[in-house]
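Dear colleague,

Please find the structure below for your records.

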Amino acid sequence: MKIIDRLIDDITNFVFMDNEIEKADIIFIPGGSHPELGEYAARLFVQGYAKYVLPAGGVSVKTGKFNGVKSKREIYNKEYKTEFEFLSDVLIQNGVPSNAIIREDQSSFTKENAVYSKRVLDSMGIIVDKAILCCKSFHARRAFMFYQFAFPDTEILVHSIPYFENGVGINSDSWHKSEVGINRVMGEIRRYGEQFMDDFIGLL
């Protein structure tokens with residue numbers, strides 16, 4: 001194996017992750033404007049993998065608003081004010097009853113998605129022993145880390161969806177073969193140091 005191949009493998013194995021699917025108490029969605037996240041979570045719910053779905057997300061921390069549906073606008077074509085409102089509509093259109101959807105519409109980025117979801121569940125007295133986390137492929141490790149810090153006593157199973165940007169797939173096999181994939185994955189690497197320093201220091 002070439003040295004560069006080893007480096008690519010090491011990065012791939014860290015950034016991308018998926019677990020075997022199992023029944024859980026809840027399905028988490030860490031925000032987003034891609035309906036595929038909600039559609040996949042809905043399929044898992046309909047198949048009986050969880051009792052609740054919690055799509056988190058308010059407005060963008062950068063723009064102060066919901067930035068719009070990224071795909072399938074002909075299906076999901078309402079005026080959504082928050083990521084929660086959008087993802088809830090996706091879930092309902094794909095078979096999830098509204099009383100199984102738990103609201104969290106105040107968070108603006110991934111860490112808040114996780115922390116605020118914990119607050120909502122605590123306020124409802126819902127204990128989560130096992131959860132499924134639906135996220136974009138390149139976002140898997142970072143989303144997992146935020147949710148694991150927020151839910152330290154919960155077993156979190158990651159189930160990521162394929163992600164495309166400008167028609168280019170970004171997954172464990174292809175990320176290093178395009179500039180857009182490299183930018184996305186290296187951006188994730190940069191964020192680990194920026195966003196998790198305090199969490200790890202807090203463990204000392």
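A residue is called buried under 20% relative accessible area, exposed over 50% and partly exposed in between, using a 1.4 Å probe and protein chains only. By that definition Ser-33 is buried, as its relative accessible area is 10%. The model is predicted, so local features need pLDDT of at least 70 and side-chain atom pairs count only at pLDDT 80 or more, while totals for chains, interfaces and linings use all residues. Residues are numbered from 1 along each chain as its sequence is written, and side-chain values use heavy atoms, with hydrogens and water left out.

Ser-33 lies in the loop between strand S1 (26-30) and helix H2 (35-46); helices (H or I, at least four residues) and strands (E, at least two) are DSSP runs, numbered from the N terminus. Leaving aside residues up to four places away in sequence, Ser-33 touches Phe-66, Gly-68, Val-69, Lys-70 and Phe-86 (contact means heavy atoms within 4.5 Å).

Helix H1 (residues 3-15) and helix H6 (residues 179-201) have axes that come within 11 Å and cross at roughly 70 degrees. Axes are lines fitted to C-alpha atoms, for helices over the stretch in contact, and angles run from 0 to 180 degrees between N-to-C directions. Ile-11, Phe-14 and Val-15 of H1 form this contact with Val-185, Met-186, Ile-189 and Tyr-192 of H6.

H1 also packs with helix H5 (residues 140-150), at an angle of about 45 degrees and with the axes 7 Å apart. Here Asn-13, Phe-14 and Val-15 in H1 meet Ala-140, Arg-141 and Met-145 in H5.

Yours sincerely
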